[in-house]
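Trainee: Hi! Could you walk me through this one while I have it open?
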Amino acid sequence: MKKGLLAAALAVMLTLTACGGAESERSAEDLPRLVIASDNYKPYSYVGPNGNLIGVDVDLAAEACRRLGYAPEFCQIVWENKDTYLSSGQADCLWGSFTMTGREDLYQWAGPYLYSRQMVAVRANSDIHTLADLAGRRVAVQATGKPEALFLTSSAPGVSQVEAVYAFSTMDEVYACLRKGYADAIAGHENALQLFLDSSPGSYRMLDEILDVSQLGVAFQKDTHQALAQALTQTLAEMESDGTTRTILTRYGLDADRALGVTP
C-alpha cells in the first residue's frame, strides 16, 4: 500500500518545479523570486486538473507576492524533509497549512494568517465517539505534523494513551490507512479531513471534540528574512482586512469565519 502511494506521489512531484531549480517563465522577469515549499495537502496546496498547484495557501501566497513585488515559485516537497529545504536554501519558506502554535521559536514566522482546528476522523461504524475513546487505539497521522506531536507526547486534552501512532509522509497514505482498517482513527486539519469524508459520504465521520486549535503561519529559516517576514505579516493582515482572504477561503468552500477566528 505504502509503496504504491509513494510512487504515485513521486509521479505527481515530477510534474512540478523542483525547489531551487530553474526559474519558471514569468511575466515580470526582473522581480525577485520567492521559492515557496509545501506538500500535497488539499485544500491548502494541491495539484489541480491542469497540473498546476492550486489551493487556499497557493492563492494567498500568489496575491501576497503580487502586493510585495515578488515572483512566487511553488514546489512540492516531502514534508518531513522541510527543514532541510530551508537550511540548504532550496526553499525560502514553508507555506502550506503549517501550524506555528508551539513552534514560535523554531522559525522566523510571518503571520499568523489563519486558524485551523485539528480533528479526528473514524469509520462511520466505529465505537469511537470521544477523544477519550482513543485510549488503546491505533491512530494514523502525517509525519512531523501537529497531531503526531500531540499523540506521541500524550499532551492532547482528554486523550489517553493510544496503542500506536502510525506516521506517514502524505495524507493520502493516512486516509488509506483508515480505509484499509490498519488504523482505528486518523487526525489532521479539519478542512482536509472534511474533504476525505466528502469523498465517500456515509463511510466516515468526524468526532465532535476538537483535538487542538492552532494558528497557521509562513515559516522562514530562523534568524533570516526578518524584514520580509514582517512585510508579509503586514500584507496578510491587509488581505484579511480588505476581504481578499475571505474571498479565497470561500472559493474553496471553507468556513471563512472559523478560519479567520471570528467563530470558534
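Mentor: Happy to. Let's begin with Tyr 115, which is found in strand S6. Keep in mind throughout that this is a predicted model.

Trainee: Okay, is Tyr 115 buried, partly exposed or exposed?

Mentor: Tyr 115 is partly exposed, with a relative accessible area of 36%. It also belongs to a nonpolar patch on the surface, together with Ile 210 and Val 213. The three residues have about 240 Å² of accessible area together.

Trainee: Let's go inside, then. Which residues touch the most other members of the largest nonpolar core?

Mentor: Those are Val 56, Trp 95, Leu 114, Ile 186, Val 218 and Phe 220, in a core of 47 residues. In general, nonpolar side chains tend to be buried together in soluble globular proteins.

Trainee: You mentioned Thr 245 and Leu 249 as contacts of Leu 114. Which residues of helix H8 are buried?

Mentor: In H8, which spans residues 244-251, the buried ones are Thr 244, Thr 245, Ile 248 and Leu 249. Looking down the axis of H8, you'd see these buried residues fall within an arc of 135°, so they line one face of the helix.

Trainee: Why would residues that are three or four places apart point the same way?

Mentor: An α-helix has 3.6 residues a turn, so residues with that spacing point the same way.

Trainee: Nice. What covers the buried residues of H8?

Mentor: The cover includes helix H2 (56-68), strand S6 (108-123), helix H7 (226-241) and helix H9 (256-259). Just after H8, have a look at Gly 253, which takes a positive phi of about 80°.

Trainee: Changing topic: how many salt bridges does a search of the whole structure find?

Mentor: It finds 10. One of the salt bridges joins the side chains of Glu 63 and Arg 66, at 2.8 Å from N to O. Both residues lie in helix H2, 3 residues apart, which is about one turn of the helix.

Trainee: What about Asp 184, what does it pair with?

Mentor: Asp 184 forms a salt bridge with Arg 138, and their closest N and O atoms are 3.0 Å apart. Asp 184 sits in the loop between helix H5 (171-179) and strand S9 (185-189), while Arg 138 is in strand S7 (residues 138-142), so the pair ties together parts that are 46 residues apart in sequence. Asp 184 is buried, at 15% relative accessible area, and Arg 138 is partly exposed, at 22%.

Trainee: And Glu 190, which residue does its side chain meet in a salt bridge?

Mentor: Arg 258, at 2.9 Å from N to O. Glu 190 lies in helix H6 (residues 190-198) and Arg 258 in helix H9, so this pair ties together parts that are 68 residues apart in sequence. Glu 190 counts as buried at 12% relative accessibility, and Arg 258 as partly exposed at 27%.

Mentor: Some salt bridges share partners, too: Glu 63, Arg 66, Arg 67 and Asp 242 are joined into one network that way.

Trainee: Besides Arg 258, what does Glu 190 touch?

Mentor: Not counting residues up to four places away in sequence, Glu 190 also touches Arg 117, Met 119 and Met 206.

Trainee: Last one: where is Ser 45?

Mentor: Ser 45 lies in the loop between strand S1 (33-38) and strand S2 (46-47). It counts as buried, at 2% relative accessibility. Beyond four places in sequence, Ser 45 touches residues including Ser 38, Asp 39, Leu 53, Val 58 and Gln 76.

Definitions and conventions
Residues numbered from 1 in each chain as written. Predicted model: local features only at pLDDT ≥ 70, side-chain atom pairs only at ≥ 80, totals over all residues. Heavy atoms only, no water. Buried < 20%, exposed > 50% of the residue type's maximum accessible area, 1.4 Å probe, protein only. Helix = DSSP H or I, 4+ residues; strand = E, 2+ residues; numbered from the N terminus. Arc of directions from axis to C-beta. Contact = heavy atoms within 4.5 Å. Patch = residues over 30% accessible without salt bridge, like charges linked within 9 Å, V, L, I, M, F, W, Y side chains within 5 Å. Areas by Shrake-Rupley, 256 points an atom, 1.4 Å probe, with all protein chains shown as cover. Salt bridge = Lys/Arg side-chain N within 4 Å of Asp/Glu carboxyl O. Core = buried A, V, L, I, M, F, W, Y, C linked by side-chain atoms within 4.5 Å.
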